[in-house]
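Please look over the sequence and the structure shown here before reading on. The paragraphs below are meant to be followed with both in view.

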Amino acid sequence: MRADARRNRDLIVATAVELFTGRGPGVSMEEIARAAGLGVGTLYRHFPDRQALLEEIAVDSLRRLLTTGRELTAQGLPGWQVLRLLMERCVELPLSLTKSLAGVPTAHPELPALTGDMDALLRRIAEQAQREGAMRPDIPPGEVVGLLNVAVCRPGARADDPLTTVILDGLRAAPA
């Protein structure tokens with residue numbers, strides 16, 4: 001891909017992420033092209049339909065999140081702290097769009113593997129937090145991942161909103 005085409009593609013994805021995160025999934029393809037300062041034809045040359053753009057955003061978001069999660073775990077931080085920092089990063093991304101693709105046949109070859117890698121990383125972080133005594137041990141790590149998805153994979157999710165707060169408080173181990 002030519003450098004200018006790559007820049008346009010990256011600009012489209014970044015603009016779409018910003019608009020979807022700020023305004024929700026109802027943003028039109030035309031609005032994205034206009035906000036990116038590109039013609040709608042340029043957008044459709046890169047992404048033939050809305051599904052292709054959503055899949056690219058999902059892949060981009062999951063890559064970013066995995067990178068952050070891996071960097072945090074490599075620092076040797078406590079599991080609960082990694083989880084909280086990762087949750088803060090999650091709400092900066094349009095994960096509700098990513099979640100909306102679950103169970104839908106996708107054309108992007110990386111999406112299933114990235115989703116599986118992210119879920120596996122979250123399970124490992126939950127297991128670590130449980131071993132350290134910071135997270136309730138009676139909730140299986142796979143269910144913890146499901147609860148975290150409920151908290152952050154919805155439009156308007158924030159790290160400090162009531163639903164996220166209740167879920168995290170419910171996962172936290174009771175003080176000794």
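What follows takes up the confidence of the model, then an annotated region, and then a pocket.

The structure is a predicted model, and the mean pLDDT of the protein is 89, with 95% of its residues at 70 or more. Among the elements of the protein, the highest mean pLDDT, 96, belongs to helix α2 (residues 29–36), whereas the lowest, 70, belongs to helix α6 (residues 95–100).

An unreviewed UniProt entry places the feature "domain: HTH tetR-type" at residues 6–65.

We can turn next to empty space in the model. Where such space is left is shown by rolling a probe the size of a water molecule over the atoms. The second largest pocket holds about 180 Å³ of space and is lined by 18 residues, with T21, L93, R154, P155 and G156 lying nearest its centre. By class, this lining has eleven nonpolar, five polar and two charged residues.

Which helix supplies the largest share of the lining of the second largest pocket? That share, four residues, comes from α1, and α1 (3–23) and α6 are each found to supply at least two residues of the lining.

Why does the second largest pocket lie between domain 1 and domain 2? It lies there because domain 1 (1–48) and domain 2 (52–171) both give residues to its lining.

Note on methods. Residues are numbered from 1 along each chain as its sequence is written. This is a predicted model: local features need pLDDT of at least 70, side-chain atom pairs count only at pLDDT 80 or more; totals for chains, interfaces and linings use all residues. Side-chain values use heavy atoms; hydrogens and water are left out. pLDDT is the predictor's confidence in each residue, from 0 to 100. UniProt positions are given in the numbering used here, feature names are shortened, and annotations may be inferred rather than shown by experiment. On a 1 Å grid over the protein atoms alone, a cavity is a set of points where a 1.4 Å probe fits but cannot get out, and a pocket is an open set with protein on both sides within 12 Å along at least five of seven lines; lining residues have an atom within 4 Å of a point. Grid points are joined across faces, edges and corners, and a volume is the space filled by probe spheres set on the points. Ala, Val, Leu, Ile, Met, Phe, Trp, Tyr, Cys and Pro count as nonpolar, Asp, Glu, Lys and Arg as charged, and the others, Gly among them, as polar. Domain bounds come from an automatic or database domain assignment.
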